[in-house]
Amino acid sequence: MASNATTGYEWVVEDVPKTLKLEKLTYHDYPSDMTDGKVGQGGYSQLIGKVLKKGTYHFYMTYKQPWKGGQIDSRYEVQIRSTKNKSLHISMKKISLKNKD
């Protein structure tokens, strides 16, 4: 997912079912040849994990400032569907922030 660590925002994963094992969420800068080496350029975050049992699972990813009173930029519902032959289908649906707390 696109992200920029210099803004103070980061991806936060929430409500993960026990049948999913999320191992790490890491931030990567884009290579300098893609950004002309400018300070403050964005990058991307990568979520790595495993599905432990076939089925359809949902969790949430929120791009926000993680401190108390921090702003929320965007929120997604992530759906992972795993079949008997271990194929995966992953989809992300953006959730409206109009009624956020």
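User: Why is R75 called partly exposed?

Analyst: R75 has a relative accessible area of 21%. Buried means under 20% and exposed over 50%, with partly exposed in between, using a 1.4 Å probe and protein chains only; R75 is therefore partly exposed. This is a predicted model, in which local features need pLDDT of at least 70 and side-chain atom pairs count only at pLDDT 80 or more, while totals for chains, interfaces and linings use all residues. Residues are numbered from 1 along each chain as its sequence is written, and side-chain values use heavy atoms, with hydrogens and water left out.

User: What makes the contact between R75 and E14 a salt bridge?

Analyst: The closest N and O atoms of R75 and E14 are 2.5 Å apart. A salt bridge requires a side-chain nitrogen of Lys or Arg within 4 Å of a carboxyl oxygen of Asp or Glu, so the pair qualifies. R75 lies in strand β6 and E14 in strand β2, so this pair ties together parts that are 61 residues apart in sequence. Strands here are DSSP runs (E, at least two residues), numbered from the N terminus.

User: Which residue forms a salt bridge with E23, and why is E23 called partly exposed?

Analyst: The partner is K50, with the closest N and O atoms 3.7 Å apart. This pair links distant parts of the chain, E23 in strand β3 and K50 in strand β4, 27 residues apart. E23 has a relative accessibility of 39%, and therefore counts as partly exposed. K50, at 47%, also counts as partly exposed. The structure holds three salt bridges.

User: What classes of residue form the lining of the largest pocket?

Analyst: The lining has 13 nonpolar, one polar and one charged residues. Ala, Val, Leu, Ile, Met, Phe, Trp, Tyr, Cys and Pro count as nonpolar, Asp, Glu, Lys and Arg as charged, and the others, Gly among them, as polar. L22, L47, F59, I80 and I90 lie nearest the centre of the pocket. By the class definition, these five are nonpolar. A pocket is an open set of points on a 1 Å grid over the protein atoms alone, where a 1.4 Å probe fits, with protein on both sides within 12 Å along at least five of seven lines; lining residues have an atom within 4 Å of a point.

Note on methods
Helix = DSSP H or I, 4+ residues; strand = E, 2+ residues; numbered from the N terminus.
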